[in-house]
Amino acid sequence: MKESRKTRILNQTMFVLPTVILFSTFIIFPFVFSFVTSFSKWNGVSNVFQWIGVSNYLKVMEDEHFLKSFVYTIENTAAVTVIANIIGLLFALILTCKIRGSKFFRSVLILPNILSGIVLGFIWKFIFMKGLPAFGELTGIDFFGISWLGTPTTAFWSIVIVSVWQMSGYVMLVYITGILSVPDNIIESAYADGASNIQLIKHIIFPYLKPSFVVCIFWTISKNLLMFDLPFSLTQGGPYKSTETLAIHIYREAFEKNNYGYGSAKAMVFFFVVILVSIVQITLNRKKEAD
Amino acid sequence: MKTKYKTLLSVLIGFCVVLFLIPFYLVLINSFKDNAELLTNILSWPKRFILDNYQRAFSQLNYTKVFINSLIVTIGSNAGVTVFSAMAAYRLERYPTRMNKVIKLVLLSGLIIPFQVIMIPLMKVLKSIHLINSLFGVILTYWGMGIAFTVFLFRGFISSIPKEVEEAAFIDGSSLMYMFWKIVFPLLKPVIFTAVTINTFWFWNDFLLPQLILSKKELQTIPIAINAFFGQYVMKWDLALPALVMAIIPAVVVFICFQKYIVEGMVSGAVKG
C-alpha cells in the first residue's frame, strides 16, 4: 500500500512510536543502565558513581551467599522440571483416555496455576505448619509431623512439592494438546497391528510430543530460574538462606542492603544464565523446524 | 488408548485430584474456626461456622479497597497493552521497512530480559517521573513490559489475515487509522482474547513489581496486601485464613465462569509464545 512521505511519517508515528517509547523507557533504558551500574559502586541515592571496573564481577564470583543461592536455584529448577513434567505427562496420558469426568479433573489440576505464587506459599505454610502435623497425629505416622520448613533439606522438598503442585497442571494442558494432535487413524491402525499400550505411547505418541516436550521443559526451567513469589512467602528464603533463589537474593542485595552497583552485577550474571538457556532453546527449536 | 484399565486409571486420577484439592479444602474449613478450635482440631469439619473471622479480616485487609486497586491495575494494563501492541504489530507486519525490521528484532530480544535484571534502574526511572506510589505508575510499567510478548502474539495472527480486505477499504479513501479500527482490530478478536487471558493472570497475580512501586497502604493490590497481612499477623490463623480465602476467590470465580476460554488461551499462548 503506497503512502506519501507525509502520511508514512504520520502513520508510523501513531502506530509504532508509543510502543517504541514505552519499550525503551521501561526495558531498554533500565537494561543498559543496569549494565553500566554493574561497573560502579553506587548506593542508588547519591549522584556519585565510583567506577570500579570489573571488580563487582570478581566479587560476585567469590560471594559465598551468591554461589549458594545460585546452586540452590539450579538444584530446585532441575528437581521441579523433572518431577512436574513426569507428573504432568502422566496426567495428560490418563486424561486423554476418555475417562468420565476428565474435563472436571483437568480444571481442578490447573487450578493452582491460576493463583498468585504469594497466595500459594501462604496456603502451604498452613498445610506444612498445621495440616501435615495434624495428619501425622491422626495416623500415627511421624513422617508427616517433621518440621517441614525448619531444616534446609525439608524446606527444599517443601518448595519442590508446592512448585510441582503449581506447575504440573499447566504442563499437562500442553501435553494434552500434543496428544490430541495425533491422528486417530494412526492410533487405530497401530492397535490393528497388535501394538500394546506401552508400545503405542513409546513409538507413536512420544514422537508426536517432541515439540510439546521442548515447550514444557523450557517453560518449567524459566519459571523456576526466575522464581520469587513462592519461596518469598513460604520460607522467606530460609532456613539459613537455604531456599533463597537468585531472584530473592538480588532483590535483597539491591533493596535491603542498598548495594545497587553490586546488585546490578549479580543481576547481569543472572541474565547471562537466562541467555544461555534461551540459546539452547532457540537452537532446539531451529533443529525441530529443520527436521 | 485401550480401555481395559479405565476404572483403575479413573481411581488413580481421582485420588490425585483429591490430593490437589486438599490444601484448598483445609484452608477453607479452617477459615471458619475460632482460635481454640484451630489449635486442636485442624482436620475435621468446623463445630460451628464463625463468620466473625471474615468480618474482621475483611476490614483489617481493607478488602474492598485492595480489590478495586487490583481491578484498576488489571484493566488499565490490559487496555494499554492490547491497543498499543495491536497497532504496532499491524504496522510492523504490513510495512516491513528496514526500520520496522530493526524494531521487531529489538522487541524480540527484549522478551528474554527477566524483570530482576532491570528492576533496580526501573525504580529510578519511575522515581524521576514521579510515578512511585501511583497505580498509574504500575500500569505504565506493565505497558512497557507486556508489549513485546503481545506484539509477537498479534503479529503471527495478522500475517494470516488476507490483505484484500484492507485494500478494498483503501480504495474507498479511508485513512490507515480508520481502516485499522474499523476492519483489522475486530478481526483480531480471538488473539486479543488469548493475550488478555494470559496477561490478566499476570497482572492480577504479580507481586514484585507492585510491591516495589506501591508502598502506601491505600494503594496495595491483593498479593501485596496479603503479604503485608501475613507479616503483621504472623500465625494468627483465625485472621490469616479468611484473608487467604478472600484472596483466592476472585481468580477462582473468573476461572470457573470462563474455564473453556481460559484453557484455550493458556494453551495457544504456550504454543505460540
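With 15 C-beta neighbours inside 10 Å, Gln236(A) counts as partly exposed. In the burial scale used here, a residue is buried if 20 or more other C-beta atoms lie within 10 Å of its own, exposed if 12 or fewer, and partly exposed in between, with C-beta atoms placed from the backbone. Gln236(A) sits in the loop between α9 (229-234) and α10 (246-255) of chain A. Its phi is positive, about 55°, although Gln236(A) is not a glycine. Most residues other than glycine have a negative phi.

The model is a predicted one: local features need pLDDT of at least 70, side-chain atom pairs count only at pLDDT 80 or more, and totals for chains, interfaces and linings use all residues. Residues are numbered from 1 along each chain as its sequence is written, while chains are lettered from A and ligands numbered from 1 in the order in which they are written.

A positive phi also occurs at Lys98(A), where the value is near 55° in a residue other than glycine. Lys98(A) belongs to the loop between α3 (64-95) and α4 (102-110) of chain A. Lys98(A) is exposed, because 9 other C-beta atoms lie within 10 Å.

Chain A contains 11 helices and two strands. Helices (H or I, at least four residues) and strands (E, at least two) are DSSP runs, numbered from the N terminus. Along the sequence, the elements of chain A follow the pattern α-β-β-α-α-α-α-α-α-α-α-α-α. The C-alpha atoms of chain A fill a box of roughly 75 × 75 × 30 Å along the principal axes. The radius of gyration of chain A is 24 Å, whereas a compact globule of 291 residues would have a value near 19 Å. This radius is taken over C-alpha atoms, and the globule rule is 2.2 Å times the number of residues to the power 0.38. Of the 291 residues in chain A, 42% are buried. Among contacts in chain A with a separation of 6 or more, 71% come from residues 24 or more positions apart. Two residues are in contact if their C-beta atoms, placed from the backbone, lie within 7 Å.

Chain B has 14 helices and zero strands. Its elements run α-α-α-α-α-α-α-α-α-α-α-α-α-α from the N terminus on. The C-alpha trace of chain B spans about 75 × 65 × 35 Å along its principal axes. Chain B has a radius of gyration of 24 Å, but a compact globule of 273 residues would have one near 19 Å. Buried residues account for 42% of the 273 residues in chain B. Residues 24 or more positions apart supply 75% of the chain B contacts with a separation of 6 or more.

The contact between the chains was examined next. Chain A contributes 72 residues and chain B contributes 66 residues. On the side of chain A that touches chain B, helix α1 (residues 5-37) of chain A gives the most, with 19 residues. That side of chain A has 53 nonpolar, 16 polar and three charged residues. Ala, Val, Leu, Ile, Met, Phe, Trp, Tyr, Cys and Pro count as nonpolar, Asp, Glu, Lys and Arg as charged, and the others, Gly among them, as polar.

The largest nonpolar core has 147 residues. A nonpolar core is a set of buried Ala, Val, Leu, Ile, Met, Phe, Trp, Tyr and Cys residues joined through C-beta atoms within 7 Å. Those with the most contacts inside this core are Val119(A), Ile123(A), Tyr175(A), Ile226(B), Ala243(B) and Leu244(B). Beyond its neighbours within four places in sequence, Ala243(B) is in contact with Ala57(B), Leu61(B), Ile226(B) and Phe229(B).

Helix α10 (residues 189-205) of chain B has 17 residues, which at 1.5 Å a residue should span 24 Å; its end C-alpha atoms are 24 Å apart, in agreement. The expected span is 1.5 Å times one less than the number of residues. In α10(B), 12 of the 17 residues are buried, so this helix is largely enclosed by the rest of the structure. Among the buried residues of α10(B) are Phe201(B), Phe203(B), Trp204(B) and Asn205(B).

Ala251(B) lies in helix α13 (residues 237-257) of chain B. Ala251(B) is partly exposed, with 19 other C-beta atoms within 10 Å. Ala251(B) and Asn205(B) are 46 residues apart in sequence and 9.0 Å apart in space, C-alpha to C-alpha. Leaving aside neighbours within four places in sequence, Ala251(B) is in contact with Ile114(A), Leu115(A) and Trp204(B).
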